[in-house]
Amino acid sequence: MVLRRFSSVTRPVSLTVEKFPGYNRNHRFKKLTDDDVSYFESIVGKRGYICNVDELSPYNIDWMNKFRGQSPLVLLPRNTQQISDILQYCNEQKLAVVPQGGNTSLAGGSVPIFDEIILSMRHMNRIRSFDNVSGILTADAGCILEVLDNWLAEKGYMMPLDLAAKGSCQIGGNIATNAGGLRLLRYGSLHGSVLGLEVVLPNGTVLNNMSTLRKDNTGFDLKQLFIGSEGTIGIITGVSILTPLRSKAVNVAMLGLNSFEDVQDAFKHARLELSEILSAFEFWDNQSFQIYKKHFPYKDIMTKDYPFYILIETSGSNKRHDDEKLTDYLGQMMNNGIAQDGVVAQDQKQIKDLWDVRDGLTGALGKEPAVYKYDISIPVANIWHCAQDMRHHLCMGGVFGEKDSPVTDVVAYGHIGDGNVHLNIVTKDLDTRVSDLIEPYLFEWVAKHQGSISAEHGLGVAKNEFLGYSKTPEMIELMKTLKNILDPNGILNPYKYLPQT
Ligand code: FAD
Ligand code: MLT
Ligand code: ZN
């Protein structure tokens, strides 16, 4: 599936600086000149950059149509040396740079705020090597996740992560955001599966740490610093990653449930009964489902609506064994009254149909006039409590009259297995009255419940100012120190990630 690059909402997107007037351009950054462009042309060639206003706009606007920068230049390097030459020059000249992968960030991290140069990784898309015995893949960071996954499928392997943006997002962008997604429950986080990285530091130095070893206890594990650093301390150019064998037997089931307690019970039982073959456990509420059905064709997978839905995937090596286990589990769910209804996919097409519902929630919400997206992690038991509290706070708390409320829905879905819920507040338009009510209220709630304000999507420009709700002042100070050591001129992805105020 190749996603559309940008949200289908066609309203004009105002500049980030107009919408969030607190930002001031850092006057220490140089403004781009014709001489700079000529210099870049000498590195990337005539076809290696874009400065035509019409062609620039998709690179300046984010996937949600929420943030819009004003970059006059996109660079499209083809190899690590070109990126090194570009950064060395930018660092000397104090030209600010935003690394951009597939531009599917949901935190506004991938687009500039002012006139930062965009360094697009889209032409860095070579697979470098694959070891058919260990499953270790090395590739350029600009390879699209789905392309890698399809390439591996032919060799009996798969990428250890999967997300609905797979048709557009790049492995480098995934690592830069430490993306979680739908397979984390089974294959763990990128902090575990990434074995090595090649990174260009802001001064142009190439840090070659493309290890293909599973075990290596020599010195600080520097690659970990770049996983989840959102393009602020280096540009990831190469990736070495451990890929699992593709399972021979995959089953997918979707169940309808009456309460969030039932969702938790179903999860507990799934871990117990399906144990080693459980590969995904996702949930969504009926409100999300209604929005999905409003925007996408739906083939009546279930005839009735339920308050909650779960999608369970099993992946193993013996179909008969897995079928038996899943049938037993589903029987228990129905007999115990935990699930009210359920379907099991009978073939690849039906597997895709079920996954399409879960994968399509983000796209469906993207078709609403405006959405405030949150990706918090909190202890599972509190997930539904949080959604209800937010609903009450925004809709029923009496702040807005029922008729005049700018809020049309508060919906929740996510990765139950990872304690990660996506709370989406749907509104008639972007409205500061609503955002002021949500923030910092939600972040305070999350901190009080020992959660994280961002489980997946990162901080970018959407959550950087709220980092203190998840990290102590000492930790933030150390992060700032590290940023200053690696990027003393602050040229990489400025104004984002760390609190500016
Ligand atoms: P971009 O959006 O281009 O960039 C993201 C950040 O990384 C930016 O700060 C950018 O500067 C930096 N960056 C990009 N490439 C590099 C590089 N090579 N070196 C250094 N920095 C770089 N996230 C999840 O965690 N789980 C999900 O399930 C999930 N589902 C999604 C579904 C949809 C439909 C969409 C639109 C997004 C979803 N996301 C999800 C958000 C997720 O962060 C991104 O999809 C993905 O990981 C970002 O990759 P990208 O290549 O698009 O990076
Ligand atoms: C998901 O799990 O679907 C993604 O993280 C995107 C979203 O939050 O909508
Ligand atoms: Zn997610």
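Student: Which element gives the largest share of the shell around ligand 1?

Tutor: Helix H6 does, with 5 residues. Helices (H or I, at least four residues) and strands (E, at least two) are DSSP runs, numbered from the N terminus. This is a predicted model, in which local features need pLDDT of at least 70 and side-chain atom pairs count only at pLDDT 80 or more, while totals for chains, interfaces and linings use all residues. Residues are numbered from 1 along each chain as its sequence is written, chains are lettered from A and ligands numbered from 1 in the order in which they are written, and side-chain values use heavy atoms, with hydrogens and water left out.

Student: Which residues come nearest to ligand 1?

Tutor: A residue is near a molecule if one of its heavy atoms lies within 4 Å of it. Of the 35 residues around ligand 1, those that come nearest are Pro99, Gly101, Gly102, Thr104 and Ser105. Domain 1 (127–242) and domain 3 (368–470) both contribute to this shell, so ligand 1 lies between them; the domain bounds come from an automatic or database domain assignment.

Student: What polar contacts does ligand 1 have?

Tutor: A polar contact with a ligand is a pair of N or O atoms within 3.5 Å. Here a polar backbone atom of serine 105 is 2.7 Å from an oxygen atom of ligand 1. A nitrogen atom of ligand 1 lies 3.0 Å from a polar side-chain atom of glutamate 456. On its own, ligand 1 has 970 Å² of accessible area, of which the protein covers 98%; such areas come from the Shrake-Rupley method with a 1.4 Å probe.

Student: Which residues are the protein donors of the zinc ion (ligand 3)?

Tutor: Donors are N, O and S atoms within 2.8 Å of the metal (3.2 Å for Na, K and Ca); water is not among the atoms, so sites may look incomplete. For the zinc ion they are His415 (NE2), His422 (NE2) and Glu456 (OE), lying 2.1 Å from it. Histidine 415 is in strand E15 (residues 407–415) and glutamate 456 in the loop between helix H16 (441–448) and helix H17 (473–486), 41 residues apart.

Student: Is histidine 415 buried or exposed?

Tutor: Buried means under 20% relative accessible area, exposed over 50%, partly exposed in between (1.4 Å probe, protein chains only). Histidine 415 has 3% relative accessibility, so it counts as buried. Glutamate 456, at 10%, is buried.

Definitions and conventions. A polar contact is a pair of N or O atoms within 3.5 Å; within protein, one must be able to donate a hydrogen and the other to accept it, and residues adjacent in sequence count only if both atoms are side-chain atoms.
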